[in-house]
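Work through the following exercises with the sequence and the structure at hand, and try each task before reading its solution.

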Amino acid sequence: MTQPQVCIAGATGYLGSRLVAQLRARSIPVRAILKDRNCETDQCRMNALGATLAFVDASLIGSYSEALSGAEVAISCMASGNVHVDSTNDFWAIDRDANIRFGLEAVCAGAKHVILVATFEGRDSRKLTEFSDAKEGAVDAIGAACRQAGAAFTVIRPTAYFSDLTNRAFDSVQKKGTYTVIGDGSCRINPIDGDDVAVFITDCISDPKQAGREHQIGGPETFTFREIGLLAAEVIGLPYPLKVRSIPLWPLRVLAAMAGMAGCALRKSRRSAAILKWMIYSSTHDAVAVTCGTHRLYDEFCSKRDAVRPAV
Ligand SMILES: NC(=O)c1ccc[n+]([C@@H]2O[C@H](COP(=O)([O-])OP(=O)(O)OC[C@H]3O[C@@H](n4cnc5c(N)ncnc54)[C@H](OP(=O)(O)O)[C@@H]3O)[C@@H](O)[C@H]2O)c1
């Protein structure tokens, strides 16, 4: 069977690079879109996986048409960094506008299947935070273009990646011996490993029953936010009970309201207000999705711990 040519935007990120590896492991030809022509590390990584390369810096509003030429499947894992960004690379510019450009140009280039990675809570929280609304704007626009062109449109909505939890929870427990939750930390989540999401997306390409739908997906285990810190402490082997700090919600709400008011004049403040509101939303709502994958957070934390421990 001939494998479809796949083009990926955001190929160098946490999920994107795992997806390139998974597709290549199944001998699927991949064109990886990179932002930076001068980053040798990214180019070497993608070359080593056997991907061909294309370069589009979305903040420069370049065209994707060359990168997409011949692609039957177009996938976007593109997202803005959200910290230290300006108006050309914030979530309106990248998560919404660049993703829309990519999706629409994919359809024009003749792609038969467009896959967009969005967020678990996006649909429910879009009225509450502009961060979610920006991402959902891309879902709406690409969905409409695909329907008109008769192309399949698949939306992947993962809960949260292990990367986020290892970076924030594990590092904080390891470096400071403390863990911080927003609110009381009692909301539940089943986070998912990037490799498991990559397998799921790759399956969507070959399985017509999975394509053309929305999928909310999470990992095999569910935790409260508080339990995630306790798990990190257990793996690290903290000699004393973990100190869990709680950030009350009301100061965050006040800050978000103030930033929102300043946001009438300043895009930067509007952006901060949206991120704060999204943080409040995701800390006060469960994010438990259909389970998929096999990777456990315990093992992820162990490998993170062992990576920094000197070999004996
Ligand atoms: N993190 C989570 O827990 C989570 C949960 C649910 C859904 N998601 C969604 O999953 C998707 C992938 O997330 P991730 O954590 O893998 O993101 P990530 O690691 O931050 O990767 C983002 C990718 O977008 C690229 N990018 C950013 N700005 C660009 C620009 N101006 N031009 C071209 N490319 C640009 C980055 O390129 P560089 O590497 O060159 O910067 C990188 O390849 C996103 O849509 C995200 O919203 C994430």
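**Exercise 1.** At roughly what angle do the axes of helix H7 (residues 162-176) and helix H9 (residues 225-236) cross?

Solution. The model is a predicted one, and in it the axes of H7 and H9 come within 9 Å and cross at roughly 55°. Angles of 65 to 115 degrees count as roughly perpendicular and those under 35 degrees as roughly parallel, so H7 is oblique to H9. The crossing of these two helices is right-handed. On the side of H7, the contact is made by Leu165, Ala169, Phe170, Val173 and Gln174, while H9 brings Ile228, Gly229, Ala232, Ala233 and Ile236. Sorted by class, the residues of this contact are eight nonpolar and two polar, with no charged ones.

**Exercise 2.** State the order of the strands in the open sheet, and find its edge strands.

Solution. The sheet has eight strands in the order E3-E2-E1-E4-E5-E6-E9-E12, and their pairing is parallel. Strand E3 (52-55) and strand E12 (290-291) each pair on one side only, and these are the edge strands. Inside the order, strand E6 (residues 152-158) and strand E9 (residues 214-218) pair over four bridges, with Arg157 standing opposite Gln216 in E9. Helix H2 (residues 40-49) lies across E2 and E3, running at about 170° to E2.

**Exercise 3.** Describe the residues around the ligand.

Solution. There are 25 residues around the ligand, and those that come nearest are Gly10, Gly13, Leu15, Lys35 and Ala58. By class, this shell has 13 nonpolar, eight polar and four charged residues. Helix H1 (residues 14-25) gives the most to the shell, with three residues.

Technical notes: Residues numbered from 1 in each chain as written. Predicted model: local features only at pLDDT ≥ 70, side-chain atom pairs only at ≥ 80, totals over all residues. Axes fitted to C-alpha atoms, helices over the stretch in contact; angles between N-to-C directions. Parallel < 35°, antiparallel > 145°, perpendicular 65-115°, else oblique. Left-handed = near helix turned anticlockwise from the far one by under 90°. Contact = placed C-beta atoms within 7 Å. Nonpolar A, V, L, I, M, F, W, Y, C, P; charged D, E, K, R; others polar. Near = placed C-beta within 6 Å. Pairing = 2+ DSSP bridges.
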